[in-house]
Structures are given as C-alpha cells and as structure tokens.
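Please have the viewer open while I talk.

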Amino acid sequence: QFLAATLVPALIHILAMTAGAWAVGRELREHTLGEWLSPDGQSASLARVAAALLGKLLLPAVLLWGSGMAALLYLAQLRGWSVAGSMAWIGVGLAALVVLSLAAGAALAGVTLSLRTALSGTGLLSAPAFAFSGVGFPLLAMTGSARGWALAMPYTHYARLQMEPWQMGAPVAQTLPVVCGLLLAALVLLALASAGLLRGLRRPDKWGGR
C-alpha cells in the first residue's frame, strides 16, 4: 500500500521537473526568449522576469497537482486505503513538491541556458529520487554518501510527509517543517531561475542551442 501510494508523487516529481525545464528551455531553443520576457522591447527587470516565469509555470503546476491528487484520492477512497491523518495536508505537501520540482527544472534551464543540459539534469536528479527516498530501502542502512544524496533530494522529505499522516495519523505540526522547507527551497530556485533568465536575455548568442 505505501509503496503504491508513494510512487504516484514520485512520477509527478519527475514530470514536474521535466515540465519546468521544457517550458523555459523551449523558449531558448526557439529563439523566443526575448518575445516572452520583453515583448515590448524594453529592458526587463528581475521582478518582471519572475512574474513571466510564474505565469508560464502556473498551468503545469495546476494540472500536475490535480493529476496527483486525483490518483491519491482514488487510492484513498475507491481502493479503500483510508488516510489515518489529514488528506488535505497531504495535498498541501504535494502542491509544495510540484512547485519545487517545476522551479528546479526552470532553474536548470535558466542557469545553463540549454534545453538539452536542463533535461539531462532533471533526469539525473529526479529519476533516482524514489530509490533514495527511504521508502524501498531504509535511510539508516545507506552509506554516508548515499544518505547525504538522499537527504538533499526534495522527494525524500515529501515521502515522509505523505507516509506519516497516511499510515500513522501524524498531526500537521509534525510535518509542518517539511512543507516550509519545500516552499523555501522553491522560492530560492525561482529566484535563481529568474536571475538566470535575466542573464540569458542579455545573451542572445546563447539562444537556439539544443
């Protein structure tokens, strides 16, 4: 039960990182970065770039979060795998994971200014996230380097946030720091992505790379 339920957000995590990298990297590949961030030809500010980035990521965030919640609600309601704690809080945690994942993908594209490199980075970071999350193999049994990698991955912390309320009925206060940490990391990554895009806007020689 807990394996199946945690596979759903793991897949959403992979798709969200890929979507973030693709949404930004495609603008670079198609030489449309200037049309997107500065359609009027005026110099763009960091705040303007950040607003444009948030607007681009809003739709995939809603769609991915909705898909993940639909799958989890199916498991909880129709499959009968009842949630001991708060399903609403799990939804909040999933939303934080989706936002962070999209921001991470966008940051990879914004910093590297390359769609290909960003997509490669998303695969490297998101594909093994489930294996290192401690769900299928305990964190305490990992080597120090493997445990360090696992704890650096956002999905590891989300998996705990989902399992503790679902399986053990843990109160919201117990996993509140996890949600706060995910949201803080998302803000940092969005700022990093915006700064990278602002730099890329001034480097049209970097546009068009695959």
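This is a predicted model: local features need pLDDT of at least 70, side-chain atom pairs count only at pLDDT 80 or more; totals for chains, interfaces and linings use all residues.

Let me begin with a question: is Thr156 buried or exposed? Thr156 is buried, with a relative accessible area of 5%, where buried stands for under 20% relative accessible area, exposed for over 50% and partly exposed for what lies in between, with a 1.4 Å probe and protein chains only.

Residues are numbered from 1 along each chain as its sequence is written, and side-chain values use heavy atoms, with hydrogens and water left out.

Thr156 belongs to helix 7, residues 154-168; helices here are DSSP runs of H or I with at least four residues, strands are runs of E with at least two, and both are numbered from the N terminus. Its side chain reaches the backbone oxygen of Ala150 at 2.6 Å. If we leave aside neighbours within four places in sequence, Thr156 is in contact with Phe132, Ser133, Leu139 and Ala150, contact being heavy atoms within 4.5 Å.

Next, the rings. A pair of aromatic rings is described by the distance of the centres and the angle of the planes. Searching the whole structure gives 2 aromatic pairs; the rings of Phe, Tyr and Trp (its six-membered ring) pair if their centres lie within 6.5 Å, and planes under 30 degrees apart count as stacked, over 60 as edge-to-face and the rest as tilted. Phe130 and Tyr155 form a tilted pair, 6.3 Å centre to centre with 45° between the planes. Because Phe130 lies in the loop between helix 5 (115-126) and helix 6 (144-152) and Tyr155 in helix 7, this pair ties together parts that are 25 residues apart in sequence.

Tyr155 is itself buried, at 1% relative accessibility, and it also forms a tilted pair with Tyr158, at 6.3 Å centre to centre and 40° between the planes. Those two tyrosines, Tyr155 and Tyr158, are 3 residues apart in helix 7, so they are separated by about one helical turn. Tyr158 is buried too, at 0% relative accessibility, and ring pairs link Phe130, Tyr155 and Tyr158 into a cluster.

What joins the side chains of Gln162 and Tyr158? It is a polar contact of 2.6 Å, meaning a pair of N or O atoms within 3.5 Å, where within protein one must be able to donate a hydrogen and the other to accept it, and residues adjacent in sequence count only if both atoms are side-chain atoms. Gln162, also in helix 7, is buried at 1% relative accessibility, and among the residues that Gln162 touches, not counting those up to four places away in sequence, are Ala5, Leu72 and Ile90.

Finally, the backbone. Most residues other than glycine have a negative phi, and most peptide bonds are trans. His31, in the loop between helix 1 (2-29) and helix 2 (33-37), has a positive phi of about 60° although it is not a glycine, and His31 is partly exposed, with a relative accessible area of 45%. Leu113, in the loop between helix 4 (87-112) and helix 5, has a positive phi of about 55° and counts as buried at 5% relative accessibility.
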